[in-house]
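Hello,

Here is the structure you asked for. My notes follow below it.

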Amino acid sequence: MTKELTREEYYKALEKAVNEVILSMTGTRKDVAKRLVLGAVVGRNATEIAQEAEMDYETVLNNLDKAAQAKLIEVVKKLVGDHPVLLIVDDTHDHKLYARAMPVSRNGAQIFYCRAHKRFESAIQLLVIGVKDLVNNQIYVIHIIAYIPRKVEEELKRRGEEVKFKTKIDALLEFLSSLSGLNVKSKVFDSWYVNSRTLQGNTVGELKANARVVEGGRSVPVGEFPQGEYLVEYLGTPIKLLVIDDYKGYGRRYFFSTDLNDTAEDIITTWENRWDIEVLIRELKALGLEGGSFLTWVRNSGFVALKALSLLVVQYFKYSTGLRLGAKRLARLIKSIYHEVGGIKKLFKRRRKP
């Protein structure tokens with residue numbers, strides 16, 4: 001059972017969480033950064049953030065441009081230390097319901113079919129990279145960035161925006177060079193990220209049924225393999241292929257690892273850990289990730305980064321207090337803490353008890 005903390009202990013936990021997170025916002029004044037991330041914890045859009053942070057709306061907008069440069073990974077490196085971690089890669093649609101995306105809005109939103117809502121909606125494509133601490137089983141977002149296809153680049157450049165065409169594979173590979181300092185034991189992603197450039201050491205993933213591997217000098221579709229384990233070659237890289245006839249009721253699946261010593265259990269355990277990043281994405285959206293729709297690409301990127309920073313504040317606060325609550329409920333608790341002292345501006349100026 002979680003130990004009941006005093007209000008003072010909650011204050012200290014929140015202060016520590018905020019101070020750790022804002023270290024990544026090097027281009028922003030500390031007092032402004034504190035109010036921004038706390039405002040983003042409970043405010044869904046820029047207007048609500050300005051109200052909660054007791055800041056001028058224009059000041060919030062200008063600092064979103066600076067927030068785009070924040071390095072989430074530097075915060076997480078301190079949180080996980082030298083613990084072994086699993087790197088998890090996924091992507092999501094950041095819905096912008098009011099963007100005029102025909103064919104592309106000014107902030108890069110495009111029209112996609114949303115399976116959840118069963119309709120076409122405007123959205124921005126986001127690459128999300130997280131790490132799972134394999135010692136305490138906590139997961140953190142270390143990178144989140146929008147990526148764009150060629151048609152979006154051409155349209156935004158025509159309108160004067162300085163953006164570069166970048167696929168999610170390009171964005172992932174560019175980021176991997178930043179992992180120095182993290183004890184990454186393995187990387188895991190789904191079939192959309194598998195190509196000759198991503199088949200690096202200690203990688204677990206999934207192949208599509210029509211993927212062709214080389215066995216005994218023959219090129220064979222993985223769909224022709226019976227259930228079992230196989231040492232084959234894919235796109236010039238030796239892999240261990242694991243074929244399962246009926247994976248949890250989802251039919252035949254084709255998993256692999258570039259570590260030939262991995263057992264079937266190792267591969268499945270790593271693969272199933274990948275789903276933890278879906279929790280991160282849901283928590284980000286619960287904190288208002290989709291609440292920002294701005295006129296410039298940089299400002300929109302800054303809003304996304306600010307929401308990721310606000311989630312790190314919530315997570316840091318959660319783990320240091322031992323609370324077992326979702327991001328939305330924790331956000332309400334954090335709001336009640338700073339309201340108790342008269343608002344965000346007074347939170348870090350309160351008089352300490354002797």
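Lys285 is partly exposed because its relative accessible area is 24%, where partly exposed lies between buried (under 20%) and exposed (over 50%), with a 1.4 Å probe and protein chains only. Its partner in a salt bridge is Glu290, at 3.4 Å from N to O; a salt bridge here is a side-chain nitrogen of Lys or Arg within 4 Å of a carboxyl oxygen of Asp or Glu. Glu290 is partly exposed too, at 29%.

This is a predicted model, in which local features need pLDDT of at least 70 and side-chain atom pairs count only at pLDDT 80 or more, while totals for chains, interfaces and linings use all residues. Residues are numbered from 1 along each chain as its sequence is written, and side-chain values use heavy atoms, without hydrogens and water.

The whole structure has 15 salt bridges. In general, side chains of opposite charge can pair when their charged atoms come close. One of the pairs is Arg7 with Glu340, at 3.2 Å from N to O. Arg7 is in helix H1 (residues 7-21) and Glu340 in helix H11 (residues 327-340), so this pair ties together parts that are 333 residues apart in sequence. Helices (H or I, at least four residues) and strands (E, at least two) are DSSP runs, numbered from the N terminus. Arg7 is partly exposed at 30%, and Glu340 is partly exposed at 47%.

Glu206 and Arg253 form another salt bridge, with the closest N and O atoms 2.4 Å apart. Glu206 sits in strand E6 (residues 203-207) and Arg253 in strand E11 (residues 253-257), 47 residues apart. Both Glu206 and Arg253 are buried. Asp90, Asp190 and Arg274 are linked in a network of salt bridges.

The chain is divided into domain 1 (7-202 + 259-348) and domain 2 (203-258), with bounds from an automatic or database domain assignment. Domain 1 gives 24 residues to the contact and domain 2 gives 23; contact means heavy atoms within 4.5 Å. About 2,000 Å² is buried between domain 1 and domain 2, and carbon and sulfur atoms give 64% of that. Buried area is the accessible area (1.4 Å probe) that two parts lose on being put together, summed over both. The interface of domain 1 and domain 2 has 1 salt bridge.

Ile268 lies in helix H8 (residues 264-273) and counts as buried, at 16% relative accessibility. Beyond its neighbours within four places in sequence, Ile268 is in contact with Leu242, Ile244, Tyr247 and Phe255.

Regards
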